[in-house]
Amino acid sequence: MISEVIRVVGSNILILISNMLIGFVIPKLMGVQEYGYYKLFMLYATYAQLLHLGFVDGMLLKFGGKAKDDVNRQEIRGYSKFIFFLELIIGVLFILISLFIKSYIYKQIFIFIGLYTIIFNQVTYYQFLAQSFMDFNLIAVINGLIAFLNILSILFIITCIKIHLFSDVTFNQYILIYLSIYVLILGIYINYYGNFFWGIHTKFENLKDNIINIFKIGIPVTISYQVAALIFNVDNQYVSLFYSTKIFGIYSFAYSLISVATSVINSVSTVLFPHLNRKGIDEAIKEYEKSLTLLETIVFLILFIYFPMKIFVKAFLPEYIKSLMYLRVLFPGVGITTCISLLVFNYFKVAKMGKSYFKLSIFTLLFSIVFTWLIHNIFAGPVAIAYASLISLFFWYLLTNGYLVIKYKIKWRKNTLYILLMFVIFEITTSVDNLCLSFFAYLMLYILIIVLVFGKNYLSIIKSICRK
């Protein structure tokens, strides 16, 4: 598994470069207002993934870890044709309904969402098919290609501006380029998995029971994903509803910077689930505490990127300088969101506890909505909403991790204490105006906390490596 993780993460270095360009260059080229509209599209696009109705996740659960040669190709072709027609119908209906929206801007945004639904949900289907077959070389190549095309598109836009073909880029122009890239990716996937799309397929009426079963096992996972997306985006939704598009654009820019920091490490999830699924929950749970310890220390190490980001934004993106106060508050939340999405959720999937995860996430979502509303009304302002988001995320971690701790009797105190300490340390050290002093204070305290909290854990890991 380690070699596959390295391969997938290696391909994501290009994605990191791509995300840096999208995160830093696109906001500069668009300006705050247009960037705000673009981020509104991206906000609602996260919910469009619900529109495959659980079928894509059901396929991953049904075929996860199986070899390509061990599956019935005619049956898979049937599923491929089914998802094609399903997304086409849903997407076209969404576009037709969007035509009745009065606001011209929102009409454009939701028409794009309809197109996104048709394209992206099919791309996800083939991505999950590759993940099911453990075809990680393909995933690495596709991820690298997406990144390369994103970089190429940004360079094309910059060139056009330099030679005065146009003076700036609007949100709808960039979204069209973005969607075009995924049309190409979908074509590549269909071509690669031609044997699972073209040719004679099992008739839909003969697959009816299987399709219903795929929906049944997939919809709890899909809804859980979307509930997770809602939890991640409660603060964004509040800011988009109660503040101007300009303020929303600045607030969202902080999340763009966060996505730059997390883009590489999140790719590990594609490798993790099939391997955990093969091991089974009893064997996998033995590695849970160690995996969580490693993940937490890596994620809070990644938070060092805050310091060069602060320098860059001040120097080259002064119009977004206010986003730094949101970024400082939100950034420690990366530690929680990564642990939940990368590790905790995968363990719930392996243990076939999707419904339990869903219930816990629903409860968290309700808490987050109410708590953020109270904080917004008491304190007002996007900074207060950002703090409410951070507290809600920690509440979610306590619930989901606590469920696994109680059920499987996992040691939890060190990991929870570490997260709390690092939250406080990051907020305090980054509040110091002197950047060098702030950086070295965080560095020293980061090392000290690891030694105090996880010293024995890392000694045992080093000893086991030395024995090998």
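## Helices 17 and 18

In this predicted model, the axes of helix 17 (residues 382–408) and helix 18 (residues 413–429) come within 12 Å and cross at roughly 170 degrees. Axes are lines fitted to C-alpha atoms, for helices over the stretch in contact, and angles run from 0 to 180 degrees between N-to-C directions. Angles under 35 degrees count as roughly parallel, over 145 as roughly antiparallel, 65 to 115 as roughly perpendicular and the rest as oblique. Helix 17 and helix 18 are therefore roughly antiparallel to each other.

On the side of helix 17, the residues that meet helix 18 are Y387, L390, F394, Y397, L398 and N401. Their partners in helix 18 are N415, T416, I419, L420, F423 and E427. The residues of this contact divide into 8 nonpolar, 3 polar and 1 charged. In this division, Ala, Val, Leu, Ile, Met, Phe, Trp, Tyr, Cys and Pro count as nonpolar, Asp, Glu, Lys and Arg as charged, and the others, Gly among them, as polar. Contact means heavy atoms within 4.5 Å.

## Basis of the description

Residues are numbered from 1 along each chain as its sequence is written, and side-chain values use heavy atoms, with hydrogens and water left out. Because the model is predicted, local features need pLDDT of at least 70 and side-chain atom pairs count only at pLDDT 80 or more, whereas totals for chains, interfaces and linings use all residues.

## The protein as a whole

The protein contains 19 helices and 0 strands. These elements are DSSP runs numbered from the N terminus: helices are H or I with at least four residues, and strands are E with at least two. Of the 468 residues, 56% count as buried. Buried means under 20% relative accessible area, exposed over 50%, and partly exposed in between (1.4 Å probe, protein chains only).

The accessible surface of the protein comes to about 21000 Å², and 70% of this surface belongs to carbon and sulfur atoms. Such areas come from the Shrake-Rupley method with a 1.4 Å probe; for residues, only the protein chains shown count as cover. Among contacts with a separation of 6 or more, 86% are between residues 24 or more positions apart.

## Helices 15 and 16

Helix 15 (residues 333–350) packs with helix 16 (residues 354–379) at an angle of about 135 degrees, their axes being 8 Å apart. The two helices are therefore oblique to each other. I340, F345 and F348 in helix 15 meet G354, S356, Y357 and L360 in helix 16. This contact comprises 5 nonpolar residues, 2 polar residues and no charged ones.

Leaving aside neighbours within four places in sequence, F55 is in contact with Y79, F82, I83, Y125, I211, I214 and F215.

Helix 3 is mostly covered, with 7 of its 9 residues buried. The buried residues are F55, V56, D57, G58, M59, L60 and F63. D57 lies in this helix, which spans residues 55–63, and has a relative accessibility of 4%. Not counting residues up to four places away in sequence, D57 touches H52, F128, G218, V221, T222 and Y225.

## Helix 14

Helix 14 (residues 323–330) is also mostly covered, as 7 of its 8 residues are buried. They are S323, L324, Y326, L327, R328, V329 and L330.

## Residues in loops

L53 belongs to the loop between helix 2 (32–48) and helix 3. Although L53 is not a glycine, its phi is positive, at about 60 degrees. L53 is partly exposed, at 38% relative accessibility. A380, in the loop between helix 16 and helix 17, has a positive phi near 65 degrees and is likewise a residue other than glycine. The relative accessible area of A380 is 44%, and this residue is partly exposed.

H201 is found in the loop between helix 7 (171–192) and helix 8 (204–242). With a relative accessible area of 25%, H201 is partly exposed. H201 and R73 are 128 residues apart in sequence and 7.8 Å apart in space, C-alpha to C-alpha. Not counting residues up to four places away in sequence, H201 touches Q74, R77, G78 and K81.
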